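Hello,

Here is the structure I promised to hand over. Please open it, then read the notes below.

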Amino acid sequence: EIAVATVYLAGNFAKVRPVGAPEKDWLDILGNPDVESLASVCLQIIELIVDRKGVDRDAFQKIKAEINRLKSTRGGDDAGKQPPGLSDGPE
């Protein structure tokens, strides 16, 4: 799950489109992982990175918004919830 999340984040952060886009998106390429797990791991990674100096917070906010969109369109019953301890912005 961590490897899938890092590939997903790297592809989105670098603005790389998967081969076969727009018919295929990153979830298709990564084997349709569980969206809730992917979102949870991605958001935790973002929280760890975003506090460093020199990080483009706007880019991470866009990725966070995309993850939340995925959760709402492809997620399950918990589509709007974040894992415990994660916030929408810096503290």
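Helix H2 (26-29), helix H3 (35-50) and helix H4 (57-74) are among what covers the buried residues of helix H1. Keep in mind that this is a predicted model.

Which residues of H1 are buried? They are Ala-5, Tyr-8, Leu-9, Gly-11 and Asn-12. Seen down the axis of H1, these buried residues fall within an arc of 165 degrees, so they line one face of the helix. An α-helix has 3.6 residues a turn, so residues three or four places apart point the same way.

Now look at the other side of H1. The face turned away from the buried side carries Ile-2 and Ala-3, which are exposed.

As for its dimensions, H1 runs over residues 2-13, which is 12 residues. From first C-alpha to last it reaches 16 Å. That is close to the 16 Å expected at 1.5 Å a residue. Lys-15 follows H1, and its phi is positive, near 60 degrees.

Next, pick out Leu-38. This residue lies in helix H3. Is Leu-38 buried or exposed? Leu-38 has a relative accessible area of 5%, under the 20% cut-off, so it counts as buried.

What does Leu-38 touch, leaving aside its neighbours within four places in sequence? Its contacts are Val-4, Ala-5, Tyr-8, Leu-27 and Pro-33.

Best wishes

Note on methods: Residues numbered from 1 in each chain as written. Predicted model: local features only at pLDDT ≥ 70, side-chain atom pairs only at ≥ 80, totals over all residues. Heavy atoms only, no water. Helix = DSSP H or I, 4+ residues; strand = E, 2+ residues; numbered from the N terminus. Expected span 1.5 Å × (residues − 1). Buried < 20%, exposed > 50% of the residue type's maximum accessible area, 1.4 Å probe, protein only. Arc of directions from axis to C-beta. Contact = heavy atoms within 4.5 Å.
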